[in-house]
Amino acid sequence: MHVLETRAKAPGKVNLYLAVGNPREDGYHPLATLFSSVNIYETVTARDGQEPGITLSLDIVPVSLVDQQHHVGEFDLAEVPLDESNLAHRAAVSMVQAHGLTVNDLNLHLHIDKAVPVAGGMAGGSADAAAALLAVDQYLYERRLTERTLGLEELLALAAPLGADVPFVVRAAFPLGGLAVGEGTGTELRIVELPEDMIPLDIVLVAASEGLSTPQVFSELDEGRAAGLYPEAGELQVPSGLLHALTQTEAPIARIHEIGRQLRNDLQGPAVTLAPDLETILTMDNESMVEAFVSGSGPTVAILAEDATAADELAAALRRRGRHAIATQTPAML
């Protein structure tokens, strides 16, 4: 039998705005966030496996942030579980069941090419899940185990239970879907329409030596607010001025500095408390920097630069200092 192989990719993300409310009775935090995809991708390949069920394997994308971490012993492939607890595995099971099948109905192998840091606040696991949903959906169709692939709304319904970031990353895997306002716990999405001639932002991503636990960062926020260490929860709304500036194509330098002034992340303070070394990057004095901010729950830091040349030079300078850095763009324009 011909060996079948399908492949899908999904981007990581940064949060250009993240306002977090006080926890609800169910323990979840309401929030208002602006998701923005980055031009760094997780790729999942679905192919015929050698044994019943679903198996997984993993490689590191050369020159990526993960590769930089791996080269100095700060990332070990063994840190990523290749069993039922892996988010890509869970996504694959969800997709198989959505088509009325069971895992025992197929021999399926998933291979992950990893470029987005683990526990870095960039939705690396969510990107694995999103890419797995897309790759397995196509695999089942091409293997003729189902008569159709799922539509976007069906994909989003499968994505939501997998994690708060997964619906956005699924949507960002489609053209011009890489910028969205997230509300509720982040799963209620409103896509921001992007002009086709939009100029993406040039940013430098700086990965930390160790990851941060998202629940731990939220817990630190709650405890710190109770102790008066962090500002109280404010209005849960992404500013219209930020959205307007992002979608403009004129006055590029003024636009970038206006965007820099409106960036916000309520989790940045708690992330810095838990990982104090982040402060060194956030307060670095460099003329190429417009603004630096923690992505999501951290510890990855994103630095907004005026243009691609400035971003490339800054990333190279940081690597010479022993930091893990890469220049990229956001939102990713597929």
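**Accessibility, salt bridges and annotated residues**

User: Why does Glu258 count as partly exposed?
Analyst: Its relative accessibility is 28%. Buried means under 20% relative accessible area, exposed over 50%, and partly exposed in between (1.4 Å probe, protein chains only); therefore Glu258 counts as partly exposed. The model is predicted, with local features needing pLDDT of at least 70 and side-chain atom pairs pLDDT 80 or more, while totals for chains, interfaces and linings use all residues. Residues are numbered from 1 along each chain as its sequence is written, and side-chain values use heavy atoms, leaving out hydrogens and water.

User: What makes the pair Arg261 and Glu258 a salt bridge?
Analyst: A salt bridge requires a side-chain nitrogen of Lys or Arg within 4 Å of a carboxyl oxygen of Asp or Glu. For Arg261 and Glu258 the N to O distance is 2.7 Å, so the pair qualifies. Arg261 itself is exposed, at 60% relative accessible area.

User: Why is the contact between the side chains of Lys13 and Asn15 called polar?
Analyst: A polar contact is a pair of N or O atoms within 3.5 Å; within protein, one must be able to donate a hydrogen and the other to accept it, and residues adjacent in sequence count only if both atoms are side-chain atoms. The separation here is 2.4 Å, so it lies within that limit. Lys13 is buried, at 4% relative accessible area.
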